[in-house]
Amino acid sequence: MSVSATSRLEHVKKVFLKSYGCQMNVYDAERMADVLAPEGYSETPVMEEADLVVLNTCHIREKAAEKVYSELGRVKALKAARAATGLETQVVVAGCVAQAEGGEIIRRAPVVDVVVGPQSYHRLPVLLAKAGREPAVDTEFPIEDKFDHLPRPAADKIRSRGVSAFLTVQEGCDKFCTFCVVPYTRGAEMSRPVGKILDEARRLAAAGVRELTLIGQNVNAYHGEGPDGSDWSLGKLLEALAAVPDIVRLRYATSHPRDMDDDLIAAHRDLPGLMPFLHLPVQSGSDRILEAMNRKHTGDAYRRLVERVRAARPDIALSSDFIVGFPGETDQDFEDTMRLVSDVGFASAYFFKYSPRPGTPAAEMDLQVPDAVKAERLARLQELLDGQRRAFNRGTIGRTVDVLLERPGRHPGQLAGKSPYLQAVQIEAGAHRAGDLVRVRIVQAGSNSLFGERADLASDGLVVAA
Ligand code: 5AD
Ligand code: SF4
């Protein structure tokens, strides 16, 4: 064995990865771990012991971006403390802040060694080697497909990440909502070919994954190349994935109302494995504001769409994103949003104060709404949506649902999993393990999770039906 190989084995390098923002970033951080594993890096949850710190950033709202710079302050102190004991630390800023700000990050935070955009992280090893000499920046949108350059993680690595996995099927967005940075940071829409997605799904299933969540910035705009060379919709892709052995549940996020086509609605009717949960951001209930946002749908079009989805799958639980205080939003516009929420009824939701993002059209619009008004509207909207969420959760008490067990529960002896409606459910584990799909009767609804009993157990805990 050569000297360098010996010393490489002696020092197992450690990487600390932290992801901000959306599910795409969680997936990307896992892929970065996969790229770094053959370079000798193992993951650590402790930043202090990391030879490499990777911050996978989010640029969607100002607060999200500012968090990165405050974290870099901490990283700087840590790098200095480690240097005092003779240890080197390399620092990478990845993700959408990296894409949007590029080299500016290194000027503002010289502690950073590498800035890498979401389309270039497969080049991390090269960039890290280069950064030994000078800071490296890569925010290209390369022609090559990064997915073709990603190593395949080992089965035990996949399994250690859990029985529910994300699978990127689509990236980027061409919608250009006037408030949003995504079309600039993630680039134009692109869909992965069906064959490559099916391969990845089969590998995940063989390693023990039971639930797949297909992800993309605009996932229902999916139009990938099928094995026959034709364009496949997301509905058709879901149908093919439902046939992959051992995949018992399918989900997808995030969708745009304009791309909810007939295929996808039919998939909710026809595929038992497709979970009855739909995250379908509406952003506002005011037609005037929806137009200024360039959403290209009205409040009523959204209501009609929800009716069609509910006709296909009556028990479907809806979730949405809302923005309050978009430029020019009047009290009346906001009341239209409140009315839409009351009309539709949501099982869960995310709500945000509008945050002007440099370079987007809305940031330049007149009539920016004062923060105090945004705060007041957000509080009212939150109250309404929280009430709907609690009512939805209470509505499942007494019902029997399938729960996919995912991880240890809150208390010893408990396991936690998800209902079909994406509610967190805790049960007494008994002989069950993560990965099991069990029938559970919901007996109680807490503020963040539901509590259930196995439906095949009598109240004294004896199995009454095998
Ligand atoms: N301000 C506030 N919220 C935003 N979102 C996107 N851009 C902004 C912004 N500039 C929200 C939208 C989107 C979610 C991911 O983030 O609701 O659906
Ligand atoms: Fe952003 Fe979604 Fe609009 Fe695309 S569709 S611009 S990702 S909010």
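Visitor: How do β17 and β18 pair?
Guide: In this predicted model, strand β17 (residues 400–408) and β18 pair in the antiparallel sense over 4 bridges. Two strands pair if DSSP finds at least two bridges between them. Strands (E, at least two residues) and helices (H or I, at least four) are DSSP runs, numbered from the N terminus.

Visitor: Which residue stands opposite Gly-417?
Guide: Leu-405 does. The hairpin of β17 and β18 has 5 residues between the strands, and Gly-413 there takes a positive phi near 85 degrees.

Visitor: What joins β18 to β19?
Guide: 5 bridges, with the strands running antiparallel; β19 covers residues 424–428. Ala-416 has Gln-426 in β19 as its bridge partner. This hairpin also has 5 residues between its strands, and Leu-422 in the turn has a positive phi of about 65 degrees.

Visitor: Is β18 mostly covered or uncovered?
Guide: Mostly covered: 4 of its 5 residues are buried. Buried means under 20% relative accessible area, exposed over 50%, partly exposed in between (1.4 Å probe, protein chains only).

Visitor: New topic. Which residues are around ligand 1?
Guide: Among them are Ile-60, Arg-61, Gln-283, Phe-352 and Tyr-354. The cut-off is a heavy atom within 4 Å. By class, the shell has 5 nonpolar, 2 polar and 4 charged residues. Nonpolar covers Ala, Val, Leu, Ile, Met, Phe, Trp, Tyr, Cys and Pro; charged covers Asp, Glu, Lys and Arg; the others, Gly among them, are polar.

Visitor: What lies 2.6 Å from a ligand 1 oxygen?
Guide: A side-chain N or O atom of Asp-321. A backbone N or O atom of Ser-355 lies 2.8 Å from a nitrogen atom of ligand 1.

Visitor: How much of ligand 1 does the protein bury?
Guide: Taken alone, ligand 1 exposes 400 Å², and the protein buries 87% of that. Areas come from the Shrake-Rupley method with a 1.4 Å probe; for residues, only the protein chains shown count as cover.

Visitor: Where is the cis peptide bond?
Guide: It joins Ala-253 and Thr-254, with omega about 0 degrees. Thr-254 lies in the loop between β13 (249–253) and α11 (262–270).

Visitor: And what is the phi of Phe-176?
Guide: Positive, about 50 degrees, although Phe-176 is not a glycine. Most residues other than glycine have a negative phi.

Visitor: What are the ground rules here?
Guide: Residues are numbered from 1 along each chain as its sequence is written, and chains are lettered from A and ligands numbered from 1 in the order in which they are written. Local features need pLDDT of at least 70, side-chain atom pairs count only at pLDDT 80 or more, totals for chains, interfaces and linings use all residues, and side-chain values use heavy atoms, leaving out hydrogens and water.

Terms used
Polar contact = N/O pair within 3.5 Å; in protein donor to acceptor, adjacent residues only side chain to side chain.
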